[in-house]
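I have opened a new structure and am keeping notes as I go.

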Amino acid sequence: NNALFNLSSGEVTVGPYAFFGHDVHVLTGTHDINKFGRERQTAIQRSGRDVMIEEGVWLASSVLVLGPCRIGANAVVAAGSLVTRDVDAYTVVAGRPATLVRTIEPKDGPP
């Protein structure tokens with residue numbers, strides 16, 4: 001579904017059974033706002049902004065994820081949301097920035 005992964009400043013790890021809606025962007029790259037002109041374009045942090053998307057995560061359409069962050073197992077990120085920090089496992093988050101909407105109870109009880 002045309003997900004875009006930017007690996008300029010870290011790694012993106014995707015667990016099994018994670019899936020994506022249309023137009024999802026997962027970005028590790030950043031630029032230094034204290035630099036100007038060409039230097040701002042070229043002064044790119046090369047590591048440390050990793051994104052971990054754990055098992056069973058659903059990133060709905062038009063989600064934007066900015067590293068560094070971890071999205072916990074079986075979490076759901078609602079359409080159009082902006083993830084700027086960690087998302088707990090078994091939760092639903094939504095909004096810009098994404099905030100907790102509810103928790104999800106696994107069929108077999110709490111994780």
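This is a predicted model: local features need pLDDT of at least 70, side-chain atom pairs count only at pLDDT 80 or more; totals for chains, interfaces and linings use all residues.

I looked up Ser-81 and found it buried, because its relative accessibility is 0% (buried means under 20% relative accessible area, exposed over 50%, partly exposed in between, with a 1.4 Å probe and protein chains only).

Residues are numbered from 1 along each chain as its sequence is written, and side-chain values use heavy atoms, leaving out hydrogens and water.

Next I checked where Ser-81 sits: in the loop between strand E9 (76-77) and strand E10 (82-83). Strands (E, at least two residues) and helices (H or I, at least four) are DSSP runs numbered from the N terminus.

What does the side chain of Ser-81 reach at 2.8 Å? I found the backbone oxygen of Ala-78.

I then listed contacts (heavy atoms within 4.5 Å). Leaving aside neighbours within four places in sequence, Ser-81 touches Ser-62, Val-63, Leu-64, Val-93, Ala-94, Gly-95, Arg-96 and Ala-98.

**Val-14, for another view**

I turned to Val-14, in strand E2 (residues 12-14). Val-14 counts as partly exposed because its relative accessibility is 34%.

**The whole protein**

I counted 1 helix and 12 strands, and the order from the N terminus is β-β-β-β-α-β-β-β-β-β-β-β-β. The C-alpha trace spans about 55 × 25 × 25 Å along its principal axes. Of the 111 residues, 33% are buried.

Technical notes:
A polar contact is a pair of N or O atoms within 3.5 Å; within protein, one must be able to donate a hydrogen and the other to accept it, and residues adjacent in sequence count only if both atoms are side-chain atoms.
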